[in-house]
Amino acid sequence: MINEGVDNSKRQFLTSALTVVGAVGTGFIAVPFLAQMQPSVKAMAAGAPVTVDISKMEPGQLIRVAWRGKPVWILNRTTEVLATLKTLDSQLRDPNSSQSIQPDSSKNPGRSIKPEIFVAVGLCTHLGCSPTFRPEIAPSDLGDNWKGGFFCPCHGSWFDLAGRVFQGVPAPTNLEIPPYRYVNDTQIIIGEQAEGKSA
Ligand code: FES
């Protein structure tokens with residue numbers, strides 16, 4: 001009977017110890033598994049897609065994210081901006097974006113999947129400076145013809161709020177539009193084609 005009591009104690013101890021080891025072991029297995037589910041810094045630099053929440057964007061707001069080491073802009077365009085874009089074609093070098101880089105889903109006058117949300121790589125197509133966001137109409141430093149757009153301070157290129165370059169400036173083509181797609185109404189993924197293929 002005494003031996004049986006000792007054996008029972010041993011059995012309970014061993015059972016408890018194995019339970020603890022099992023829990024710790026599971027923890028050690030679970031952590032690397034979860035870590036693998038997140039894109040690593042190296043993978044993101046190499047071009048892993050970036051998910052962006054656009055649910056809180058106000059009309060007129062621009063947000064910036066990084067994708068493949070480049071700045072990417074997301075702009076929530078107002079109805080006034082969309083109306084202005086329709087008046088600019090005669091001043092633009094490539095109004096239909098036939099010489100410019102964009103996915104088929106953004107090859108339209110507004111250069112976007114949904115009219116109000118504009119997505120572009122924020123690098124000038126001249127020599128790669130990052131243009132400034134200048135949404136105001138006719139500011140004193142840009143003149144009366146300025147209807148809101150992106151201004152590159154390096155050599156003075158002008159782009160409208162669809163990233164289309166104006167005539168008579170150094171930049172040869174419109175701003176590049178990266179591949180992106182909507183997950184739902186409030187999230188987009190930069191770096192995946194609208195069809196869902198990785199870019
Ligand atoms: S880099 Fe933008 S105008 Fe030259």
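**Before you start**

Residue numbers count from 1 along each chain as its sequence is written. This is a predicted model, in which local features need pLDDT of at least 70, side-chain atom pairs count only at pLDDT 80 or more, and totals for chains, interfaces and linings use all residues.

**Stop 1: the whole protein**

Colour by secondary structure. The protein has 3 helices and 9 strands. Helices (H or I, at least four residues) and strands (E, at least two) are DSSP runs, numbered from the N terminus. Along the sequence the pattern reads α-α-β-β-β-α-β-β-β-β-β-β.

Of the 199 residues, 24% are buried. Buried means that 20 or more other C-beta atoms lie within 10 Å of the residue's own; exposed means 12 or fewer, partly exposed is in between, and C-beta atoms are placed from the backbone. Now consider contacts between residues at least 6 apart in sequence: 55% of them join residues at least 24 apart. A contact here needs C-beta atoms, placed from the backbone, within 7 Å.

**Stop 2**

Two strands count as paired if DSSP finds at least two bridges between them.

Zoom in on β8 (residues 180-184) and β9, which pair antiparallel over 4 bridges. A hairpin of 2 residues joins β8 to β9. Show Arg 181: its bridge partner in β9 is Ile 189. Show Tyr 180 too, whose partner in β9 is Ile 190.

**Stop 3: the β2-β3 hairpin**

Move to β2 (residues 62-67), which pairs with β3 in the antiparallel sense over 6 bridges. Arg 64 stands opposite Trp 73 in β3. The hairpin has 2 residues between its strands, and Arg 68 in the turn has a positive phi of about 55°.

**Stop 4: the β5-β6-β7 sheet**

This open sheet of 3 strands has the order β5-β6-β7, and the pairing is antiparallel. The edges belong to β5 (132-134) and β7 (157-159); each has a single partner strand, so one side of each has no neighbour in the sheet. Here the twist averages 25° from one strand to the next. Between β5 and β6 (residues 149-152) there are 3 bridges. Find Thr 132: its bridge partner in β6 is Phe 151.

**Stop 5: the largest nonpolar core**

A nonpolar core is a set of buried Ala, Val, Leu, Ile, Met, Phe, Trp, Tyr and Cys residues joined through C-beta atoms within 7 Å. The largest one has 25 residues, and Val 72, Phe 118, Val 119, Ala 120, Leu 161 and Ile 190 touch the most other members. The most comes from β4, with 4 residues.

Select Phe 118, in strand β4. Buried or exposed? Phe 118 is buried, with 25 C-beta neighbours inside 10 Å. Its C-alpha atom is 5.0 Å from that of Leu 75, 43 residues apart along the chain. Leaving out residues up to four places away in sequence, Phe 118 touches Leu 75, Arg 77, Arg 111, Ser 112, Leu 161 and Ala 162.

Next, pick Ile 190. Leaving out residues up to four places away in sequence, Ile 190 touches Pro 49, Val 50, Val 52, Val 65, Trp 67, Val 72, Val 119, Pro 178 and Tyr 180.

**Stop 6: two residues in the α3-β4 loop**

Select Ser 97, in the loop between α3 and β4. Its phi is positive, about 60°, although it is not a glycine. Ser 97 is buried, with 21 other C-beta atoms within 10 Å.

End on Arg 111, also placed in the loop between α3 and β4. Arg 111 is not a glycine either, yet has a positive phi of about 55°. Arg 111 is buried, with 25 other C-beta atoms within 10 Å.

Terms used: Axes fitted to C-alpha atoms, helices over the stretch in contact; angles between N-to-C directions. Contact = placed C-beta atoms within 7 Å.
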